[in-house]
4 protein chains.
Amino acid sequence: MKFMGDKVKDIKITYIGGGSRGWAWSLMSDLAMEKQLLGTVKLYDIDYEAAVNNEKIGNALAGRDDVKSKWIYKVEKDLDEALKGADFVVISILPGTFNEMASDVHTPEHYGIYQSVGDTVGPGGLIRGLRTVPMYVKFAKAIEKNCPKAWVINYTNPMSICMKALYTVFPKIKAFGCCHEVFHTQTLLTHALKDLEGIEDVKREEIKVNVLGINHFTWLDHASYKNIDLMPIYKKFVDKYYVEGYETGKTGNWMNDSFTCANRVKFDLFRRYGLIAAAGDRHLAEFMQGNWYVENPETVMHWKFGLTTVSWRRRDLEKRLEKSRALVNGEKEFEIKPSGEDGVKQIKALLGLEDLVTNVNLPNQGQISNIGLGNIVETNALFRKDQVIPLMAGELPGAIQSIVTRHICNQNDIVEAALTKDRRKAFRAFANDPLVTLSLEDAKELFNQMIKNTEVYLEL
Amino acid sequence: MKFMGDKVKDIKITYIGGGSRGWAWSLMSDLAMEKQLLGTVKLYDIDYEAAVNNEKIGNALAGRDDVKSKWIYKVEKDLDEALKGADFVVISILPGTFNEMASDVHTPEHYGIYQSVGDTVGPGGLIRGLRTVPMYVKFAKAIEKNCPKAWVINYTNPMSICMKALYTVFPKIKAFGCCHEVFHTQTLLTHALKDLEGIEDVKREEIKVNVLGINHFTWLDHASYKNIDLMPIYKKFVDKYYVEGYETGKTGNWMNDSFTCANRVKFDLFRRYGLIAAAGDRHLAEFMQGNWYVENPETVMHWKFGLTTVSWRRRDLEKRLEKSRALVNGEKEFEIKPSGEDGVKQIKALLGLEDLVTNVNLPNQGQISNIGLGNIVETNALFRKDQVIPLMAGELPGAIQSIVTRHICNQNDIVEAALTKDRRKAFRAFANDPLVTLSLEDAKELFNQMIKNTEVYLEL
Amino acid sequence: MKFMGDKVKDIKITYIGGGSRGWAWSLMSDLAMEKQLLGTVKLYDIDYEAAVNNEKIGNALAGRDDVKSKWIYKVEKDLDEALKGADFVVISILPGTFNEMASDVHTPEHYGIYQSVGDTVGPGGLIRGLRTVPMYVKFAKAIEKNCPKAWVINYTNPMSICMKALYTVFPKIKAFGCCHEVFHTQTLLTHALKDLEGIEDVKREEIKVNVLGINHFTWLDHASYKNIDLMPIYKKFVDKYYVEGYETGKTGNWMNDSFTCANRVKFDLFRRYGLIAAAGDRHLAEFMQGNWYVENPETVMHWKFGLTTVSWRRRDLEKRLEKSRALVNGEKEFEIKPSGEDGVKQIKALLGLEDLVTNVNLPNQGQISNIGLGNIVETNALFRKDQVIPLMAGELPGAIQSIVTRHICNQNDIVEAALTKDRRKAFRAFANDPLVTLSLEDAKELFNQMIKNTEVYLEL
Amino acid sequence: MKFMGDKVKDIKITYIGGGSRGWAWSLMSDLAMEKQLLGTVKLYDIDYEAAVNNEKIGNALAGRDDVKSKWIYKVEKDLDEALKGADFVVISILPGTFNEMASDVHTPEHYGIYQSVGDTVGPGGLIRGLRTVPMYVKFAKAIEKNCPKAWVINYTNPMSICMKALYTVFPKIKAFGCCHEVFHTQTLLTHALKDLEGIEDVKREEIKVNVLGINHFTWLDHASYKNIDLMPIYKKFVDKYYVEGYETGKTGNWMNDSFTCANRVKFDLFRRYGLIAAAGDRHLAEFMQGNWYVENPETVMHWKFGLTTVSWRRRDLEKRLEKSRALVNGEKEFEIKPSGEDGVKQIKALLGLEDLVTNVNLPNQGQISNIGLGNIVETNALFRKDQVIPLMAGELPGAIQSIVTRHICNQNDIVEAALTKDRRKAFRAFANDPLVTLSLEDAKELFNQMIKNTEVYLEL
């Protein structure tokens, strides 16, 4: 890296999962618009073709007039090669294929267990975690070997399990995990401001929030816009829309879009616990005891959110592959626009160019006072030159803390089970998930079946 | 108090709930047999007649030849008078009457919620707690005023809530809580020793255990008899009796005795978590999610334990009253025999006469490393002259810790709710109990009904 | 308060010590230049005349063209009246008079103990602390009664003892303590940047630092300017100037200005511990064992800093009084210029107008991981709408932590001694100070003498 | 091991430093008198001849009538061989020779630094620590390899550094450290009981104490004999003997015996801090700032204890060697008598034969609440079958805690410095010792000289 004037040149970013047709494109777009940064992005992916396509798409940007910064994209087949000398490492992978994901999400349905996402907690999230840990062990070791001082940005789920694995294998890793669920809740608060106070055009970054919890089960106990306290406004908002719900999804309504919801779960949780749950309803629902929000498809419909099926994901992938082909062939032009993610801002802040406060996943050093040290938590942090400094987020209310603790225990057990190849411990975590309301025998049967469906990825 | 030779004289014990026909009689019996101690027991009870009867029963012992130590029993109508100058205070009360208990235990059944005891956790335990806190506030204040240096021994349930209330109101109180559930588990281990190893005549005190958890949800991660590790033996024992169960109750089998069980819940928990659950099945079952062991009377029957009905308790009380009358009239002679409780041994140890290691409930000072400080936990402690010194018990396995944490949160919220008259907070704890698997609306309805049934005791 | 557009009106600030001729004037100046804020400052001072003078000086500003915001200044004789309804409370007082300060600083000299400031630690700082606590008890109670939700900004020394007293008496107080010593160290780093790298015109706010320690014994383990790591640069700077020293004082050199120094103590501490000590040498020296930097006046001269005598302070006060008279009479015009303090920026941030990261003194919630919770520490914090959120500062190196711990213990003991009127405990803290290298008898004699000299302020 | 009836046979003990003429003989004597234990002691020593002599002395016991248990003693040349299959490992070595010890103790005298023992803290203790760590690294690794489940009993000084090294290298080691200094303080309390209360024939084990601190700087905040509180009695005792002192040494008075003292330092510390310092004055003095008790030989004489010179130790060794020769030759008969040490009782307790409460050195798990976790502390523990369970000892008073913290920091830095070969860190610890009241330059010079004198043992 070279620091000159207000620019930093020769930055080396390594992208693990560089064939991605989501996060990778967002990064390309954001980098293209950022004039203070310049360098190379190495793309590593087990799907080599996908990476090659992204290399083409990325390098094609350099010829365009609307691009402020011409980055070089370069495929690397070898992980060590890809990482050597990296300043930043981005990890955004799909652990396994849609076949394993189908087992994660749908096999439990045979036992009456429904999951809206199945990638974080619940039987699906835990088994996915088991499968992911060995991959992250490999990444952590390779980072320690090739670029121990690099900053590592993780986008992969299950976030907490991925992060815990990285820090367990290489305790001095400089890794943090990013997720945009809190951003969407900030956006929801701008809606409340407009709806109840008539204040328009507020950007989500202007909504200041205190974030505490774990990924996809994150909470806000403080929210404000300038001098305005948003907590009482949100209360009114909940009262107004509790029964009918309030939809914020982009592309449609909750009935035909897996990612849309009516925020009814969020509103119910506010009434139960008094804090703003800051993740999509699909995610939140899975953390609670099974019979509340996901007992069966009817319950889910009652709460007005969708079960994200794997068949939907398959169709969605088809569209993305099609788009990728079109971009590579030049049939379609890559659209440069802000992704809404904080990745590039974080990089700028870590390079000392500007301060940034945003929410990230990190080992708890005390930022949440009533969660054990070392557990992966999500709170705000200040990004500065070569530092990610957590902000003291305070303590979770008892009721939420006990639910968080249960999931943290399970996630830690999954990581340990994967690291020590302890199938028994993995089962204990599995049976302890709130969605697993089965007898010991049935739980065992389901566990064994799900393990079998993903065993090629396990070393259990 | 006067210390002479190896005896301590002029000891002053105050018994709150001194009309009790259970614990009070045990104490009388144990004191009568203990030649190193001598003094006065003041009996205080809101049921004055009951206390007067116990005064008679107690003082009658002084005339008997088989009594080693002639204690004076004395009724006191006024709490302050009763406590003035006390060296030891014993608290063992029924918070409210059987009417309130009937609501605690049976009202939730209308909502499909079954409880086997309903005095510790679950909707019944929490509402009972709400009712008990104001009484314990009074006790704590009176102790602070009249005998701040006295040792306070609590037997009342809900133990954790009672203890938390005492320590919150008077932080320097020297109180501990006693419960014999762990003793019964030690006894079960002597059965295993006999059954599998042929070793007979082992006393429960000879079974050395490491105790950790909260009252009625206590666990052993270490158990030994002399040089023999009992953990693998217990595993074999569980394997042998997992399906049929193993009964240890005194008076009959689990089908006709509320207090007997076949230990099947205990065995199931061992298989799930790897530690020995050290409380009766009736208690343990209530701490777990509702559908496991107490979903309905059939489930309970399947697991071979009993739901302790309040009508059973009413019948039992009749018998005790009858016995009391007979003892007072001299129709029956009071039977002096070891109670099996540790109360008198604890008093001796606190007077410096001998060391004692036993399990007690105390605020966590770190004896359980992964439970927050200040929460009431049950572990072993060393009793010495004017000291109760907790032993470091180590850490709970994650899965158990998360369940324990949930109940601790609820218990603390109940105490705070009662202290600050915060009905909203009380409801949050109530709705967060694992047995309360209702919608927010139904939970609210049940809560309001149960509150109404006990409201004369509340200041909510 | 009213929030309109980007302005906040009707702000109520109460200034305890409002007759001050230092901090009060800084505040007036900064408020006059800040167009987003408007309101009233109530001036309370036991020196009523001084407050009246400041009222005149403050209100005179309203007529000036160069003033952006016309604040009203109003003297209040009664503390309760002054505090009623306050949004912000500033406390900046002299505890006692120069007579007591003379005893604090100079009486120990008869026992061979020299102090360069004598207001923080050392025999003088501790006795000053004893005298200050009763005053702060009064403030804390009055704030709890009259404006429990106000933000309280403390400038008085001994900072840690003042803060500890406030939080002990009123645990929910929203107080923080401010000190500019770290700012000066940031300035020193801009000198190093210029001297060694030729980079000019860097503002002290552009120097990003991680702050950890206690007031006047604060340390930096991370310092950067944009992408440049300043730690290796500082090392070179220390090597270059270790022997001769490097002077940064404004008004002259260390020989004729009590507040100037050659930073030689700072450089020596860097070599000993590897971190940048971020306070003036005069302050730092007093925290270390007596024979290192302040054994006698010759040692002090060797290290090139000055002992701040009370006679110097008396002369300085004369000048300030003269200036005050001139300002009141209109002989002289009040100069409006940035004070360099963060007070007004902090108020803006607390009103939600902008984010601010700066260093403040707060009870440790874990921001320093190896200092006990609840002790007053100095670290960075993020100021936001109604929030002061500490940043995780990490851990102090062992050698520094043990020195910090010693002083924290003494400071806490002084607070407790003052609160419980425990002269014995006060002496223990006194005798435990590193500068008190006397036998128990001599220490007692000195202590008694110093107590006598200030006893009118004590309730010991 | 075989457990039969109340006896345990085939116990395997490995003695590292098995040629010792102190602790090894004590062990032989205690084992010979203990009828419940039987087995083999392997003797390993770098001084092979010494081990062979002890083998002879030990095996000779088997033929004697007064021996209750015939143990086999066996020399092993190879450390791995010696440790293979061990149930217990005893470590009691002299790290280096008297030449290095002479440098530890006497080189600092050239810089005006006097040490009464020089084996724990102070320049001597720290340099000795540096030399010892590599040896303990070897032991820890060999134990992990050959007998990871063995209980390891350490007697070597510097205790805290040895223990920290063992636990750092092999975190699951089951090691504890033993020291008899607390026992002597219990004995002193029996003297006070006799002197002031006329109570005679009290055994030191009957004095119940709460122990907290670090080795050789251990404190009692609670002491009792049966129902008698000893704290006020000790206060009277201190008042009576403060000026003249009170001697408890065995062989003579403090003027001609290095190990005797008049307890004046102990009494002075009681007056300063209110707790009973529970180690010999020679040890205690070295922990305090240099000018208090060991400023120069006159100060030491004033406080009536002795500087233990190395020449004294050389003469003492001569006597022991002579005695060894006589025992081997049969000129003298080995005297079987209780050693007063707890080693064999601890072994019995760890085998499940009886409970034992005694003081030991262990990593802090929270037994001292205001000392960081993982640091080596000395408190009471309960010994049971395969368990050493620390008792909660509470918190150290602030003034003592800060001194303890300083030494812990230095000790930890020494261990880390030795492990990471970081000479710079070793110097920081050295310069931070309270006895090192030198300028940075002088401290460096002394450090370099002392390092040079022991460098053959270092890998720095």
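How far apart do the C-alpha centres of domain 1 of chain A and domain 2 of chain A lie? They lie 22 Å apart, in a predicted model for which local features need pLDDT of at least 70, side-chain atom pairs count only at pLDDT 80 or more, and totals for chains, interfaces and linings use all residues. Residues are numbered from 1 along each chain as its sequence is written, while chains are lettered from A and ligands numbered from 1 in the order in which they are written.

**View 1. The two domains of chain A and the contact between them.** Chain A is divided into domain 1 (2-106 + 119-177) and domain 2 (107-118 + 178-308 + 341-460), with bounds that come from an automatic or database domain assignment. In the contact, 43 residues of domain 1 of chain A meet 53 residues of domain 2 of chain A, two residues being in contact if their C-beta atoms, placed from the backbone, lie within 7 Å. On the side of domain 1 that touches domain 2, H5(A) supplies the largest share, 11 residues; helices (H or I, at least four residues) and strands (E, at least two) are DSSP runs, numbered from the N terminus. This side of domain 1 divides into 22 nonpolar, 13 polar and eight charged residues, where Ala, Val, Leu, Ile, Met, Phe, Trp, Tyr, Cys and Pro count as nonpolar, Asp, Glu, Lys and Arg as charged, and the others, Gly among them, as polar.

**View 2. The surroundings of Cys179(A).** Cys179(A) is found in the loop between strand E7 (174-177) and helix H7 (181-197) of chain A. Cys179(A) is buried, with 21 other C-beta atoms within 10 Å; a residue is buried if 20 or more other C-beta atoms lie within 10 Å of its own, exposed if 12 or fewer, and partly exposed in between, with C-beta atoms placed from the backbone. Leaving aside neighbours within four places in sequence, Cys179(A) is in contact with Met159(A), Asn215(A) and Asn361(A).

**View 3. The surroundings of His216(A).** His216(A) is found in the loop between strand E8 (207-214) and strand E9 (217-225) of chain A, and His216(A) is buried, with 27 other C-beta atoms within 10 Å. Apart from neighbours within four places in sequence, the contacts of His216(A) are with Thr120(A), Glu181(A), Ala279(A) and His283(A).

**View 4. The contact between chain D and chain B.** Chain D and chain B each bring 25 residues to the contact, and on the side of chain D, E14(D) gives the most, with three residues. By class, this side of chain D has 11 nonpolar, nine polar and five charged residues.

**View 5. The rotation axis that relates chain D to chain B.** A rotation of 180° with 0.0 Å of shift along its axis superposes chain D on chain B (RMSD 0.0 Å), the superposition being by least squares on the C-alpha atoms of residues with pLDDT of at least 70 in both copies. The two copies are thus related as by a two-fold rotation axis. Of the residues of chain D, Leu391(D) comes closest to the rotation axis, at 2.3 Å (C-alpha).
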